[in-house]
Amino acid sequence: MSEGIVREILRGTDLAIFGYFVALNSSYLVLMVMAGLEFARHLRRVPFAGADDMFRSPLTLPVSVIVPAHNEGASIVAAVQAMTALRYPRYEVVVVDDGSSDDTFEQLRAHFDLVEVPRVVPSEVPYRSQVLSVHVARANPQTLTVVRKTNGGKADALNVGINLARHPLVCMVDADSVLDPDALLSVAKPFGDDPLRVAACGGVVRIANGCRVVGGRVVDVRMPRQWLVRVQVVEYLRAFLMGRTGWSRLGGLVVISGAFGVFRRDLVVAVGGLDPETIGEDAELVVRLHHHLRETRRHDYRVIFVAEPVSWSEAPASLRVLGRQRRRWHRGIAEILGKHRRMILNPRYGRIGLLALPYYVLFELLAPFVELAAVVLLPLGLWIGAVDVGFAWRFVLVAYGYGLLVSLVSLFIEEVSFHRYPRWSDMARGVAAAVLENFGYRQILAVWQIAGVLGAVRGRQAVWGAMQRQGFGGDVDSPEMVGAGRG
Amino acid sequence: MLWLFTVVIAVLAGIVAVTALAIVVVRLSRRRRQRTLARLAAQPRRALLAFVAENGEEGGDELVAIPDDAWRAAEPHALALLGKLRGEAHLGLVSVFLRRGAARTALGRLRSRSRVRRARAAQVLGDLELRRAVPELCRLLTDRHAEVRVVAVRALGRIGDPSAAWRIIAALDRSDPVPSLLATHTLVQLGPEAEVTLSAALDHPQARVRAVCLDALGLLGAAGSVKRIARVLSDDTYLDVRVSAATTLGKLGTRSALEPLSQALRGSRPTPLRAAAARALGDLGAAAAVPALVEVLGDDAYQVAHEAAHALRRLGPAGIDALREVVDGEEAERSGAHTRFSGAAAHAREALAMAEVLRGERVGAAA
């Protein structure tokens, strides 16, 4: 009798898991259709978008590019060189050296001939560390500022940068990011087009591993050599490019990557800057902005995402580093959703409260638990005879086949819209990676993500991830919310 | 139940195969299209470059004679060239476009049902700097789609006909206005002849309009409007407008702006206005502003003290001397004690250090 009940429960659970996978991948498909429509809209408007006019206008809003850096000695000079050569009429770069123990500052001082200035650092947004010194480039004092401070974490470093930023827009960029020449122009353009409503704008982040980078510019886009990174390329396309564009079109974007995003400085100051206690400080800032703007302006604001041009970042090339990254990302999701739980299903917060945040709870936070449950319960059901073999293989094929379809659709939309990978071999590798990610990658990802959620529950202190950058090919350790897309 | 799964698997497999095939087909067809376009555009592009090299004096007839399909392939390149050329070469290329009927086509498309076609047409007319398109472009300023209105404003700026000033100002006075910075830039592009209209619009009931006109007057260097702007600075009910007025007075750089800006610096005024006034006094370049700026160097509001210090730096020797005096005075008081500098001295030190660095930069640049 009891054995029969167990079998029924297992059978019912397997069916529920199956339904969950179908719903999850269908939601991805909807977001991709939205993204596809947005890309078509964007591409039709390129001829009259007025990017050149913006570049020539003396009134284009100036931007402070804030680059937090912690032990980035290997790549910081090239990164700052590239950032000071972007195509934008007026901007400054503020590098915040967050207590590096390597030669990050010495590299900068030697290369840019830094000279110390006794800057008064305001406290418009709180920071908990101590600013040791402020420096400017002797040859270009208005363009490059370097701050040395005691270690306080990425969010704290960004807050110091925001305090020192002189311009009305602040762009937060990871120190290992390589920006396309027009990246700043594109991501700041919505503020010029709709200055009264646009509060923040995120840019797309793509994977730079395998690409040829010359003089701080990606000049030849290629698929990475390692399969582990190739799988992440497909994942980034699906989750970052398509997912965020889809959410942006739906008016529910809650994630702007810390690797590349522009914010109105006055609004960031109004909400108190970034939260140093949260690992996913970039996404948390966006959710807090939504919270603030929904309460003060009701619905009259926009948080948007632009899909082109892009910021290129290194992706982890080893399982160890990838695991650490994903644990941090998922811990970030858990912390943010916990911190802002009152917004969830609260009509006061419109689409954010009723759609975006519940989605993140259901399809981001819980997804690894369901994934792992499927990995455990399906074989268990087979073993005790609750599930027959015919059902099991069909279950696996449909669930993972649907996931594969979602990945292929994202590759198709990429091919139609931006087609950044010109080689046939790269496209073939992308398709192969979309298949391969179902065999082991997603399952191990689920384990790391669950560990991340448990870390959030235990509530250990948030710190910088140990950086191991060696030019391209090292670690990326900025917290993100990534929709992995599951089979 | 199992049969349903089997059907779903078969359907999924079919869609996956079609999607993979579609990726290949899209890539193949795009490459084929690109090759065709490149082949078609090759000759017109050569002709365009030769035309530009001849400063637009020769080769116009050849460009007009290019078949339509080849010209369409090269048209994006030709339009990009239009934006970069000046003088005779620009006029010559505009003439080519006109002889090919581009203006007629674009004017017709301004009434298209598609907003993308309307916007593209407005863009072309702006690139061609076609004055006779101004009334039609002004009509587009009330288009129901914001993106069309934005392109129309930009096109009017490129054409630079001052008669459009009022219509652009009117486009700011609606619930979904054109972006302020774009409107300002466009009004500036209309040139000094728009000054009278802009000055009159300082009495407009809409605050956004007044702020835009102030910014435009500042960029146009409308020194004749200083009195009116000073009145806005003291009397306007909107803080943003008063901040714009202060900034504009600084840009205009006339001596008569000194008194109203000094008044705006007083402690009873809102902090953003005081900071803007301090910055403007620095822009003014009048040594007479030094005492007022020194007075607020120790202000509790960071922005005010910071702007005052750097305004003094920009004022030149008189401001630098005043900053040194503040620092020296404090150092004498401290007489070697290891205490922190006061707010005034800290801001003064920062400004002096920047002055030193900037001086070095200028010397380096000159060398």
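# Notebook: a predicted model with chains A and B

**Entry 1, a loop residue in chain B.** I started at Ile66(B) and looked up its contacts: setting aside neighbours within four places in sequence, Ile66(B) touches Pro44(B), Ala47(B) and Trp71(B). I note here that the model is a predicted one. Ile66(B) sits in the loop between α2 (60-65) and α3 (68-84) of chain B. Is Ile66(B) buried or exposed? I found 21 other C-beta atoms within 10 Å, and the cut-off for buried is 20 or more, so Ile66(B) counts as buried. I also checked Gln43(B), which is 23 residues away from Ile66(B) along the chain; their C-alpha atoms are 8.8 Å apart.

I counted elements next. Chain B has 20 helices and 0 strands. Its C-alpha atoms fill a box of roughly 85 × 65 × 50 Å along the principal axes. I then looked at the radius of gyration, which is 29 Å for chain B, whereas a compact globule of 367 residues would have one near 21 Å. Of the 367 residues in chain B, 42% are buried.

I picked out helix α14 (residues 239-252) and helix α16 (residues 271-284) of chain B, whose axes come within 7 Å and cross at roughly 10°. How do α14(B) and α16(B) run, roughly parallel or roughly antiparallel? Angles under 35 degrees count as roughly parallel, so α14(B) is roughly parallel to α16(B). On the α14(B) side, the residues making the contact include Leu239(B), Val243(B), Ala246(B) and Leu249(B). On the α16(B) side, I listed among them Leu273(B), Ala276(B), Ala280(B) and Leu284(B). Sorted by class, this contact has 11 nonpolar, 2 polar and 4 charged residues.

I moved to chain A, which has 14 helices and 12 strands. I asked what radius of gyration chain A has beside that of a compact globule with 487 residues. The globule would have one near 23 Å and chain A has 23 Å, so the two agree. The C-alpha trace of chain A spans about 80 × 45 × 45 Å along its principal axes. Buried residues account for 57% of the 487 in chain A. Among contacts between residues at least 6 apart in sequence in chain A, 82% join residues at least 24 apart.

I traced an open sheet of 10 strands in chain A, in the order β3-β4-β5-β2-β1-β6-β11-β8-β12-β7, with mixed pairing. Which strands are at the edges? They are β3 (114-117) and β7 (178-179) of chain A, each pairing on one side only. Helix α7 (residues 227-250) of chain A packs on this sheet and touches β8 (198-207) and β12 (302-313) of chain A. The direction of α7(A) makes about 160° with that of β8(A). I also followed one strand pair: β4 (residues 131-137) and β5 (residues 144-149) of chain A are antiparallel and share 5 bridges. In this pair I looked up Ser133(A), whose bridge partner in β5(A) is Arg148(A).

I noted two residues other than glycine with positive phi. Asp113(A) has phi near 50° and lies in the loop between α4 (104-112) and β3 of chain A. With 15 other C-beta atoms within 10 Å, Asp113(A) is partly exposed. Leu345(A) has phi near 65° and lies in the loop between α10 (319-339) and α11 (350-365) of chain A. Leu345(A) is partly exposed, with 13 other C-beta atoms within 10 Å.

I finished at the interface. How many residues of chain A are in contact with chain B? I found 42 residues of chain A, in contact with 45 residues of chain B. The elements that each supply at least two residues to the chain A side are α1 (2-45), α2 (51-56), β3, α6 (183-193), α13 (389-417) and α14 (424-458) of chain A. The largest share of that side, 15 residues, comes from α13(A). By class, the side of chain A that touches chain B has 26 nonpolar, 6 polar and 10 charged residues.

Methods. Residues are numbered from 1 along each chain as its sequence is written. Chains are lettered from A and ligands numbered from 1 in the order in which they are written. This is a predicted model: local features need pLDDT of at least 70, side-chain atom pairs count only at pLDDT 80 or more; totals for chains, interfaces and linings use all residues. Helices (H or I, at least four residues) and strands (E, at least two) are DSSP runs, numbered from the N terminus. The radius of gyration is taken over C-alpha atoms; the globule rule is 2.2 Å times the number of residues to the power 0.38. A residue is buried if 20 or more other C-beta atoms lie within 10 Å of its own, exposed if 12 or fewer, and partly exposed in between; C-beta atoms are placed from the backbone. Two residues are in contact if their C-beta atoms, placed from the backbone, lie within 7 Å. Two strands pair if DSSP finds at least two bridges between them. Axes are lines fitted to C-alpha atoms, for helices over the stretch in contact, and angles run from 0 to 180 degrees between N-to-C directions. Angles under 35 degrees count as roughly parallel, over 145 as roughly antiparallel, 65 to 115 as roughly perpendicular and the rest as oblique. Ala, Val, Leu, Ile, Met, Phe, Trp, Tyr, Cys and Pro count as nonpolar, Asp, Glu, Lys and Arg as charged, and the others, Gly among them, as polar.
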